[in-house]
Amino acid sequence: MRERDGDMAKNIRQHDAEALEAGYSTGHRIYEIGGILAAVTLTTLLAIRMAKCPSLSGWWTPLAALVGLLFSDFISGFVHWLFDTWGSTDTPVFGRLAIRTFRHHHVDAKAITRHDFIETNGHNIALTNIYGISGLFFVVPSPEDASLSDVFTVQCLLCATFFTAFTSQIHKWAHMDEPPPIIALLQRARLALAPDHHDVHHTAPYARNYCITVGWMNGPLRAVRFFETLEWIISSVTGAVPRADDIGEEAALAIVARPAIEDDDAAAAED
């Protein structure tokens with residue numbers, strides 16, 4: 001099996017790292033700064049509105065934190081899988097906005113350790129605007145009418161906002177040779193994405209362990225073959241080959257042809 005993975009790796013064809021890095025434009029940075037400002041504003045407004053809810057209870061906060069963490073871990077995996085697997089840098093809107101970043105990371109995994117705060121976290125923080133808008137306009141548009149379930153939902157959204165916002169920072173720490181001591185401790189305790197767990201994603205066949213907040217959701221999603229099923233459905237409908245743009249069509253087809261039992265055995269060996 002390891003030999004087959006090695007043969008597969010030899011067929012990988014990826015983009016030029018320098019060209020991808022040069023794609024980080026001034027316009028993209030402005031988008032990230034704007035996204036951060038909007039997210040801070042919306043999150044603050046949502047927290048203030050929640051505080052005004054008469055049914056507010058702090059007893060639910062630990063459960064909300066866990067739900068928010070698991071949801072963030074799942075979202076990190078889904079978005080990671082989506083942009084790793086489909087599209088190209090020429091895809092309208094998302095190509096330059098997001099896919100370029102994922103292609104660059106696979107060619108130069110250490111590049112993220114050289115990015116500043118905005119380049120590392122701007123896109124993820126901007127993504128949390130979805131949570132803020134959802135909470136303000138759909139969950140608690142009127143604080144006085146909010147139920148306990150509404151408040152709990154907002155607590156989950158606020159916790160998810162925190163964990164989603166800093167998922168890329170956690171991802172960055174997982175690629176650092178010497179992360180801060182407290183982060184290294186959290187990694188060893190599996191309370192932050194552990195480098196050895198994430199290394200599996202950067203090893204052929206590059207189709208595992210997409211979740212990158214804590215990585216807790218990787219096992220359950222793998223057990224139900226969540227991403228594999230989605231890929232089969234999309235490929236059946238569209239004829240598109242997953243990961244063809246990321247690693248080249250030949251290597252991508254080899255992954256598709258890989259028997260499911262081999263993936264299960266490899267996953268068991270990793271665990």
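**Entry 1**

I began with R225, which at 22% relative accessibility counts as partly exposed, because partly exposed covers the range between buried (under 20% relative accessible area) and exposed (over 50%), with a 1.4 Å probe and protein chains only. I note that this is a predicted model, in which local features need pLDDT of at least 70 and side-chain atom pairs count only at pLDDT 80 or more, while totals for chains, interfaces and linings use all residues. Residues are numbered from 1 along each chain as its sequence is written, and side-chain values use heavy atoms, with hydrogens and water left out.

I located R225 in the loop between α12 (218-223) and α13 (226-238). Helices here are DSSP runs (H or I, at least four residues), numbered from the N terminus. I read a phi near 55 degrees for R225, a positive value in a residue other than glycine. Most residues other than glycine have a negative phi.

I then looked up R243, which also is not a glycine and has a positive phi of about 70 degrees. R243 sits in the loop between α13 and α14 (244-247). Is R243 buried or exposed? I found R243 buried, with a relative accessible area of 2%.

**Entry 1: S134 and helix α7**

I placed S134 in helix α7 (residues 129-139). At 25% relative accessibility, S134 counts as partly exposed. The side chain of S134 reaches the backbone oxygen of I130 at 2.7 Å. I take a polar contact to be a pair of N or O atoms within 3.5 Å; within protein, one must be able to donate a hydrogen and the other to accept it, and residues adjacent in sequence count only if both atoms are side-chain atoms. I also checked S134 against R225: they are 91 residues apart along the chain, and their C-alpha atoms are separated by 29 Å.

For α7 as a whole, I listed N129, Y131, G132, G135, L136 and V139 as the buried residues. Which helices do the buried residues of α7 pack against? They pack against α3, α4, α6 and α8, where contact means heavy atoms within 4.5 Å.

**Entry 2: T120 and helix α6**

I found T120 in helix α6 (residues 117-127). T120 is buried, with a relative accessible area of 6%. A polar atom of the T120 side chain lies 3.4 Å from the backbone oxygen of H115. Leaving aside neighbours within four places in sequence, I recorded contacts of T120 with I112, H115, S168, Q169 and K172.

The buried residues in α6 include T120, N121, G122, N124, I125 and A126. I noted that the buried residues of α6 pack against α3, α7, α8 and α9 (167-175).

I looked up L97 in helix α5 (residues 94-107). At 23% relative accessibility, L97 counts as partly exposed. L97 touches H28, Y31 and H123, not counting residues up to four places away in sequence. I noted that L97 and H123 are 26 residues apart in sequence and 8.7 Å apart in space, C-alpha to C-alpha.

I found S88 in the loop between α4 (61-85) and α5. S88 is buried, with a relative accessible area of 19%. Residues up to four places away in sequence aside, S88 touches G95, I99, R103 and D245.

Two packed helices are described by the angle between their axes and the distance between the axes. Axes are lines fitted to C-alpha atoms, for helices over the stretch in contact, and angles run from 0 to 180 degrees between N-to-C directions.

How do α4 and α5 cross? I found that their axes come within 9 Å and cross at roughly 90 degrees. α4 and α5 are therefore roughly perpendicular to each other (65 to 115 degrees). The contact is made by V79, H80, F83 and D84 of α4 and F94, A98, I99, F102, R103 and H106 of α5. I sorted these contact residues into 6 nonpolar, 2 polar and 2 charged. Ala, Val, Leu, Ile, Met, Phe, Trp, Tyr, Cys and Pro count as nonpolar, Asp, Glu, Lys and Arg as charged, and the others, Gly among them, as polar.

**Entry 3: α3 with α8**

The contact is made by T43, L46, A47 and M50 of α3 and V151, V154, Q155, L158 and T161 of α8. I counted these residues as 6 nonpolar, 3 polar and no charged.

Key:
Helices (H or I, at least four residues) and strands (E, at least two) are DSSP runs, numbered from the N terminus. Angles under 35 degrees count as roughly parallel, over 145 as roughly antiparallel, 65 to 115 as roughly perpendicular and the rest as oblique.
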